[in-house]
Amino acid sequence: MKKLIFATGNQDKMREIREILGDLDMEILSMKEAGIQADIVEDGASFEENAEIKARAVCRACNELVLADDSGLEIDALNKEPGIYSARYMGEDTSYRIKNANLIKRLEGVPDEKRTARFVCAISAAFPDGTVKTVRATMEGIIGYEERGENGFGYDPIFYLPQFCCYSAELPREKKNEISHRGKALRAMRDLLL
Ligand code: IMP
């Protein structure tokens, strides 16, 4: 069976990836499971560039088909911040309670119609022959006025989904996978690989 390496160490992501890419008839391994170590500097200027940098670097290290993703939150009223710096915003070790409270504060006085935001996910596939293919998907919403919900992670508690009348952190896991930026990008990548 052919191998597909996903450039992540995150077990939650691996579970979602295995669920969605299960019908590819490939052995799906994390970098750790494949015994690959690569020091990668994510210095791209966009989600797509960062996903490509990661996928290419790991592909060079193992010479197998490699998938890598990059994701984050863009808030329109903040000039698309935190964007590609979503994980590093206010420091990697700062809690999301503090990061989320800070973003709500920065949006004080901004009316509903200008609080638009989106989660973005880019996924790149790097092939051993040097080819790279990239897909991008989004989940649109608005930044709320408070934190709500216990599910999800990161910025989910402040991300309100008008079409579902709830915050992203209030969605059950299966529902979020169905509508999320990552779920959509993974399904687009599966279709591309099939
Ligand atoms: P990564 O590129 O998938 O590691 O994501 C980078 C950062 O974007 C995460 O650390 C979170 O801050 C944020 N992020 C990405 N996807 C989500 C999501 O689905 N919910 C909440 N935060 C997210």
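The model is predicted, so local features need pLDDT of at least 70 and side-chain atom pairs count only at pLDDT 80 or more, while totals for chains, interfaces and linings use all residues. Residues are numbered from 1 along each chain as its sequence is written, and side-chain values use heavy atoms, with hydrogens and water left out.

**The overall fold**

- The protein chain has five helices and eight strands; these are DSSP runs numbered from the N terminus, with helices being H or I of at least four residues and strands being E of at least two.
- Reading from the N terminus, the order of elements is β-α-β-α-β-β-α-β-β-β-β-α-α.
- The protein chain has a radius of gyration of 17 Å, close to the 16 Å that the globule rule gives for 194 residues, so it is as compact as a globular protein of that length. Here the radius is taken over C-alpha atoms, and the rule is 2.2 Å times the number of residues to the power 0.38.
- The C-alpha trace spans about 55 × 30 × 25 Å along its principal axes.
- Of the 194 residues in the protein chain, 47% are buried. Buried means under 20% relative accessible area, exposed means over 50%, and partly exposed lies in between (1.4 Å probe, protein chains only).
- Among contacts with a separation of 6 or more, 58% come from residues 24 or more positions apart; a contact means heavy atoms within 4.5 Å.

**Aromatic pairs**

- Three aromatic pairs turn up in a search of the whole structure. Rings of Phe, Tyr and Trp (its six-membered ring) pair if their centres lie within 6.5 Å; planes under 30 degrees apart count as stacked, over 60 as edge-to-face and the rest as tilted.
- One of them joins Y96 and Y155 edge-to-face, at 5.0 Å centre to centre and with 85 degrees between the planes.
- Y96 belongs to helix α3 (residues 96–106) and Y155 to the loop between β6 (132–143) and β7 (159–161), so this pair ties together parts that are 59 residues apart in sequence.
- Y96 counts as partly exposed, at 29% relative accessibility, whereas Y155 counts as buried, at 4%.
- F119 and F159 form a tilted pair, with 4.5 Å centre to centre and 45 degrees between the planes.
- F119 sits in strand β5 (residues 116–126) and F159 in strand β7, so the pair ties together parts 40 residues apart in sequence.
- Both F119 and F159 are buried.

**Charges over rings**

- The charged end of K99 sits over the ring of Y96, 4.6 Å from its centre. The cut-offs are that NZ of Lys or CZ of Arg is within 6 Å of the ring centre and within 35 degrees of the ring normal.
- R115 lies over the face of Y145, 3.8 Å from the ring centre.

**The two sides of helix α3**

- In α3, the residues K99, N100, L103 and I104 are buried.
- These residues cover an arc of only 135 degrees around the axis, which puts them on the same side of α3; the arc is that of the directions from the helix axis to the C-beta atoms.
- R97 and K105 are exposed on the other side of α3.
- What do the buried residues of α3 pack against? Their partner is β3 (65–75).

**Salt bridges**

- There are 20 salt bridges in the structure. Each is a side-chain nitrogen of Lys or Arg within 4 Å of a carboxyl oxygen of Asp or Glu.
- D12 and R15 form a salt bridge, with their closest N and O atoms 3.9 Å apart.
- D12 and R15 are three residues apart in helix α1 (residues 11–21), and therefore separated by about one helical turn.
- D12 is exposed, with a relative accessible area of 52%, while R15 is partly exposed, with 39%.
- E19 forms a salt bridge with R173, the closest N and O atoms being 3.7 Å apart.
- E19 lies in helix α1 and R173 in helix α4 (residues 173–179), so the pair ties together parts that are 154 residues apart in sequence.
- E178 and K175 also meet through their side chains in a salt bridge (3.2 Å, N to O), and they are three residues apart in helix α4, about one helical turn.
- Salt bridges that share partners join E48, E74, D76, R118, R136 and E140 into one network.
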